[in-house]
Amino acid sequence: MKVLVVDDMAAMRHVMMNMLRHVGFEHLDEAVDGFQALGMLKNASYDLVITDLNMPKMDGQQLLKSIRNDQKLKDTPVIMVTCENDKQKVQQALLEKVSGFILKPFNLQTLEKQLSRLREAV
């Protein structure tokens, strides 16, 4: 599986990528915001996107909407990572068919649970 990790904070990207490597993912790319991620998604094939919600330029919500509105990308699973407590933003992500949520702070077990849910859905 090829995974794209999107977060404006380098430390969070690296934590996520290390966790993904720990559970066996080897093909990992990273993007600093939704705008960069969308460009990468249009130029390469990814099996999963894990994105932060709050980022500059293009946030995770806008990225999710762009993915769902793109005929080529619309079925790509997207997991949203957030510390967001705003129910309206969470509901909007659900309306845009987010594949899962991970609330910060999280641990390896939380990530594995979301990944297992995705695998079962396929």
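## A strand, its neighbours and a cavity

E3, helix H3 (residues 60–68) and E4 make a right-handed β-α-β unit. Right-handed here means that, with the strands pointing away from the viewer, the path from the first strand over the helix to the second runs clockwise. Helices (H or I, at least four residues) and strands (E, at least two) are DSSP runs, numbered from the N terminus. This is a predicted model, in which local features need pLDDT of at least 70 and side-chain atom pairs count only at pLDDT 80 or more, while totals for chains, interfaces and linings use all residues. Residues are numbered from 1 along each chain as its sequence is written, and side-chain values use heavy atoms, leaving out hydrogens and water.

- Strand E4 (residues 78–82) has five of its five residues buried, so it is largely enclosed by the rest of the structure; buried means under 20% relative accessible area with a 1.4 Å probe, protein chains only.
- Val78, Met80 and Thr82 point one way from E4, while Ile79 and Val81 point the other way.
- In a regular strand, side chains alternate between the two faces of the sheet.
- E4 pairs with E3 in the parallel sense over four bridges, where pairing requires that DSSP finds at least two bridges between the strands.
- Isoleucine 50 has isoleucine 79 of E4 as its bridge partner.
- E4 also runs parallel to strand E5 (residues 100–103), joined by four bridges, and methionine 80 has phenylalanine 101 of E5 as its bridge partner.

**The cavity**

- A search of the whole structure finds one cavity of 30 Å³ or more; on a 1 Å grid over the protein atoms alone, a cavity is a set of points where a 1.4 Å probe fits but cannot get out, and lining residues have an atom within 4 Å of a point.
- About 50 Å³ of space lies in the largest cavity, a volume being the space filled by probe spheres set on the points, which are joined across faces, edges and corners.
- Its lining includes Val5, Met12, Ile50 and Val81.
- E3 provides the largest share of this lining, three residues.

Definitions and conventions
On a 1 Å grid over the protein atoms alone, a cavity is a set of points where a 1.4 Å probe fits but cannot get out, and a pocket is an open set with protein on both sides within 12 Å along at least five of seven lines; lining residues have an atom within 4 Å of a point. Buried means under 20% relative accessible area, exposed over 50%, partly exposed in between (1.4 Å probe, protein chains only).
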